[in-house]
Amino acid sequence: MDEPQRTAKADPQHELAARLRLIQELSGLGVRALARDAGLSSSSLSRYLSGQTLPPWPAVVALCRLVKRDPRPLRPLWERSSTPLPAPPKSSRQGRPRPRNDLPRDVPDFTGRQAQLAAVLDAVSSHRVVAVDGMAGVGKTCLAIHAAHRLAADYPDAQLYVDLHGFTEGREPLDPDSALRMLLGALDVPSEKVPREGVEQLAACWRAELADRRVVVVIDNAADADQVRPLLPGAGPSVALITSRNRLLGLDEVPPVSLDVLSPQESAELLARASGDPSGPEGRLARDPESAAEVLRLCGHLPLALRLAAARLRHRPGWTAGILVERMAEGANEFDTAFAMSVRQLDRAQARLFRLLGLLPGGSFDEYLAASLADVPLHSARAMLEDLVDAHLVQESTAGRYRLHDLVHQHARRAGEEQDSPAERQRALGRFLDYYVHAAAAADAAMPFLSPGRAPSAGPAPAALHRFPDKHAAFAWLVAEYENLVAAFETAAAVGADAHVCELPRFLRAYFARRCGTTHLNVLFERALAAAERLGDPLQLADAHSDLGFARYNAGRMAEAAASYKAASRAGSPGSQAELTLRRGYLKWDEGFVEEPLELFRLAGKLYEQADCPTGRAAAAAAEAWAMLQLGHREEAAQRAREVLGLPRADPASPPALTARITLGVAIADEEPDEAAEHLHQALALAREDGHLHNEAWCLNCLGVALRRMGRHDEALASHRRAFALLDELFEEHWKIHFLNGYAETCRLAGLPEEALRLHRQALELAPRLGYRNQEALAHEGIATILDTTDPTTAAEHRAAGQAVLQELTA
C-alpha cells in the first residue's frame with residue numbers, strides 16, 4: 001500500500017483515515033457497499049474515513065481483508081492514534097504547554113440558526129460573554145459548541161468546556177468550587193497556585209489566569225446565575241458562552257440569545273441531511289411530503305428529536321417516510337416519540353446497556369466504565385457504544401469518551417426503573433462503584449505519593465481496567481475522570497456503600513496533593529471516617545483515622561493531626577502501622593521534637609521491611625537521613641542518603657529519591673562542593689520537570705544553604721530569592737516557615753544583617769501560630785546572634801526564650 005501524502009499536522013488519527021480512504025479506493029466500492037461487506041454501519045465507516053472517529057482494530061482488519069492487504073503495518077499507527085492517556089505537557093516554565101481543546105465535536109449537519117449564530121458572535125465581540133437559553137432539546141449546546149469552533153482560531157490559547165449539570169436527573173448541579181478547579185486544571189495551572197479554599201479566591205485565580213490568555217470556554221447547562229457567575233472571565237480578551245434552560249436574569253451584563261424550535265423549512269432540511277436522504281424528487285421525504293411533514297410535527301421541530309428520527313431512516317434504506325410515521329405514532333410527546341422509536345431498534349444487549357447508562361450520575365465516560373457497568377467484555381462494550389452513537393442515543397463527545405444528552409439520560413433512567421429489577425440495578429450500581437475504586441487504586445499505585453497504595457477491598461476488581469504505564473498516564477486519567485470520581489463518591493455516600501466511601505479518597509491523595517489542595521481532601525476523609533465508624537471494622541477505622549490525620553497535617557492543623565494519629569494507633573495492618581509511624585515522625589519533627597522523630601523514622605523502616613514494602617522503606621530511610629542532617633550529623637546523613645539513591649529500580653523523581661538527593665547535596669557541600677552542586681541541580685531539574693512548585697522552592701532553598709557553606713554568598717542569595725519568588729506565587733503561607741531561618745542565616749553571613757533580622761522575625765511570628773516549635777527556637781537564636789554586638793540585652797532575652805522552647809521540647 002502506498003504511503004499517503006502526510007498532512008502538515010501529521011496527526012496519527014487523520015493519517016490512519018487517509019490509509020483507510022486508500023483502502024476504499026482499492027475496493028472500488030461506495031461507503032454503503034464497503035460498510036456492508038465489512039460488517040460495519042455506514043455512518044461509522046463515514047466517520048472512520050473522515051478521521052472524526054478512531055475505528056476499533058477489528059474494523060481496520062476487516063477493511064484490509066476486503067482488499068487482501070496485510071493490516072499489521074497499520075497497527076503502530078492505530079496504537080498511536082488510540083492512546084487514551086497522553087503524558088501531561090511539560091511545565092509552563094519550560095515553555096507553554098500545548099493548548100488544551102476540550103470542546104465536544106461540532107455536529108456535521110448543523111442546520112439553520114443563522115440569525116441566532118450571528119447574535120451569539122456579535123455578543124461575544126461586544127461583551128465577551130453570551131447566554132443561550134431555551135427549552136430542553138432545542139439545540140442550545142449544539143449552537144454554543146458550533147460558535148466556539150468558529151471562534152477557536154481567534155482564541156488559540158485554549159478551548160474549554162465544562163458541564164454544570166444544572167438539569168441532570170439523579171445528581172446535584174456542579175458547584176462553582178469544583179467547576180473552577182476543573183477549569184484551572186484544564187489550563188494546566190500548577191496546584192500550588194490554586195487557592196486551597198474559598199470560591200472568591202478561586203474565581204480571582206481563574207480571572208487572573210485568563211487575563212493574559214485568549215481562551216474560549218463553553219459553560220454548559222447552568223442552573224442559575226449564581227452557579228455561573230464565578231466562572232465568568234474578568235479583564236482580558238477571553239470569552240465565555242453559557243447555556244441554560246432558564247433565562248439568567250441575574251447576569252444583567254450578559255446579553256441573552258433565546259432559542260425557539262426550528263422553522264418548518266429548517267426542520268425539513270435537518271431531517272434530510274441527518275438521514276442522508278438525497279435532495280431532489282427521488283428522496284424518500286420528497287416522495288411523500290405529507291408523511292415528512294407529519295414526522296416534523298411529531299418531533300415538535302426539536303433538533304434532538306429530529307436527529308433521533310433521522311437516524312432510523314439512515315439505517316433503514318427500505319423505510320418510507322410513512323413507515324417512519326407509523327413507528328413514531330406510539331409516543332406520548334415529541335421526546336417519547338423519538339426515544340421510543342430509537343430504543344425499539346436496539347437489540348437486547350444494546351437496550352440493556354442503554355438503560356444501565358441511565359444509572360450514571362452524568363458526565364462523560366469511556367468504554368471501560370461501560371464494560372464494567374454492563375458486566376460485558378471490553379470489545380462488546382465498544383461495539384455497543386458505536387451502535388448507540390449511530391442511533392444518536394449516545395454522543396461521542398471526544399475520541400473514546402461518550403456522554404448522554406440530559407433528556408436521553410432521563411429517558412434511559414426511567415426505562416431502567418420500569419424494565420429492570422431493583423436487584424439488577426443495584427448490582428450494576430455496585431459494579432460502577434467497584435470500577436472507580438479499583439481504577440483509582442491502579443492510578444494511585446502508578447504514582448505513589450509517600451508509600452505505595454494499598455489494594456482496595458471494596459468489591460471485586462472489574463475484568464476491564466486501565467493499565468497505567470507510568471505516573472504521567474495515571475495523573476492524566478485522574479484529571480480526565482475527576483468529575484466522575486467525585487460523583488462516584490457522592491453516589492456511594494447516597495446509597496450507603498460505606499466501604500467505597502472509606503476507600504475512594506485514600507486513592508486520590510497524590511492527585512489532590514497536585515491539583516485540588518487539602519481543603520476538599522479533609523472533607524472527603526471526614527466523611528470516610530464516618531463511614532468507617534458505621535462499618536465497625538477496626539482496620540478500616542485505623543486507616544481512616546490515619547488518612548484524616550495526614551490530611552490535617554498537610555493543612556497545618558497539627559493538634560488535630562496528632563489526635564487522629566493517636567486514634568489510628570489502636571489497630572491496623574503491618575503496612576498501615578508502618579505508614580502511620582512515618583507520618584507521626586513527620587508531625588513530631590515539624591512540631592520541633594528531635595530524638596523522637598528520628599526513632600519513629602527508623603521504626604517505620606523496620607515495619608516497612610516486615611511488610612515487604614521497599615518503597616515505604618526508602619521513604620523512611622530518606623526521612624531519617626534528612627533528620628540526621630538537621631541534627632548536624634552530616635556524615636551519617638550522607639551515607640544514609642547514598643543508600644536510598646542506590647536502591648534498584650527507584651524512580652529518580654519519587655519523594656524518597658528527591659529527599660535523599662537534596663540531603664546528600666547539603667551534607668557534602670563543605671567537602672565535595674562539585675558533587676554537592678551536581679546532586680542539588682539534578683534534584684532541581686527533576687522537581688521542575690515534575691511541575692511541583694513546592695519541591696522546586698525546596699530545592700532552590702537547599703541549594704542556597706549549600707552554596708553558603710561553599711562560601712559562594714552571592715549565588716546563595718540568588719538561589720534563596722528565586723525560592724521565595726516561587727513561594728510568593730503560592731497560597732499556603734505556612735510553607736515559608738521551612739525556609740525563613742536558612743535564608744536569614746545566608747543574609748547574615750553575606751553582610752546583610754538587617755535583612756537577616758527581618759526574616760528571623762517573620763519566622764518568629766509564623767512558627768508559634770503554626771506549631772513549628774523548632775523553627776521558633778532557631779529564630780530566637782538567629783536574632784540573638786545578630787544582636788549580640790549591638791543590643792546584648794535583647795540578644796540575651798531571645799537566647800533565653802529559644803533555650804526555653806528547646807527545654808520544653810526535650811522535657
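Me: How does R748 count at its relative accessibility: buried, partly exposed or exposed?
Reply: This is a predicted model. R748 has a relative accessibility of 29%. Buried means under 20%, and exposed means over 50%. The value for R748 is 29%, so R748 counts as partly exposed.

Me: Which residue forms a salt bridge with E745?
Reply: E745 lies in helix 36, residues 740–749. The closest N and O atoms are 2.8 Å apart. The partner of E745 is R748.

Me: What is the relative accessibility of E745?
Reply: E745 counts as partly exposed. That class lies between under 20% and over 50%. The value for E745 is 24%.

Me: About how many helical turns separate R181 and D177?
Reply: R181 forms a salt bridge with D177, with the closest N and O atoms 3.0 Å apart. R181 is buried, and so is D177. Both lie in helix 8, residues 176–186. They are 4 residues apart there, so the separation is about one helical turn.

Me: How far apart are the N and O atoms in the salt bridge of D102 and R100?
Reply: R100 is partly exposed, with a relative accessible area of 30%. Its side chain meets that of D102 in a salt bridge. A salt bridge needs the nitrogen within 4 Å of a carboxyl oxygen. For D102 and R100, the N to O distance is 2.6 Å.

Me: Which residues are linked with R506 in a network of salt bridges?
Reply: The count of salt bridges in the model comes to 37. Some of them link up in a network that includes R506. The residues linked with R506 are R509, D547, E579 and R583.

Me: Which helices each supply at least two residues of the negative patch?
Reply: The negative surface patch is formed by E635, E636, E671, E672, D674 and E678. E636 is found in helix 31. At 42% relative accessibility, E636 counts as partly exposed. The helices that each supply at least two patch residues are helix 31 (634–645) and helix 33 (673–690).

Me: How many residues of helix 14 are buried?
Reply: Helix 14 covers residues 303–315, which is 13 residues. The buried ones include P303, L304 and A305. Arginines are among them too, including R307, R312 and R314. Helix 14 is mostly covered, and its buried residues number 12 of 13.

Me: How far does helix 14 reach from its first C-alpha to its last?
Reply: Helix 14 has 13 residues. At 1.5 Å a residue, a span of 18 Å is expected. The reach in the model is close to that, at 18 Å.

Me: How far apart in space are D390 and S41, C-alpha to C-alpha?
Reply: D390 is in helix 19, residues 378–390. D390 is buried, with a relative accessible area of 3%. In sequence, D390 and S41 are 349 residues apart. In space, C-alpha to C-alpha, they are apart by 7.9 Å.

Me: How many residues apart in sequence are V107 and H146?
Reply: V107 lies in the loop between strand 1 and helix 6. At 27% relative accessibility, V107 counts as partly exposed. V107 and H146 are 7.6 Å apart in space, C-alpha to C-alpha.

Me: What is phi of R113 near?
Reply: R113 is in the loop between strand 1 (100–101) and helix 6 (114–127). R113 is buried, with a relative accessible area of 5%. R113 is a residue other than glycine, yet its phi is positive, near 60°.

Me: Where is H165 found?
Reply: At 1% relative accessibility, H165 counts as buried. Phi of H165 is near 55°, a positive value in a residue other than glycine. H165 is found in the loop between strand 3 (158–163) and helix 8.

Definitions and conventions. Residues are numbered from 1 along each chain as its sequence is written. This is a predicted model: local features need pLDDT of at least 70, side-chain atom pairs count only at pLDDT 80 or more; totals for chains, interfaces and linings use all residues. Side-chain values use heavy atoms; hydrogens and water are left out. Patches are made of residues with over 30% relative accessible area and no salt bridge: like charges are joined within 9 Å, nonpolar side chains (Val, Leu, Ile, Met, Phe, Trp, Tyr) within 5 Å. Accessible areas come from the Shrake-Rupley method with a 1.4 Å probe; for residues, only the protein chains shown count as cover. Lys and Arg count as positive and Asp and Glu as negative; His and the chain ends are not counted. The place of a charge is taken as NZ of Lys, CZ of Arg, CG of Asp or CD of Glu. Buried means under 20% relative accessible area, exposed over 50%, partly exposed in between (1.4 Å probe, protein chains only). The expected span of a helix is 1.5 Å times one less than its number of residues.
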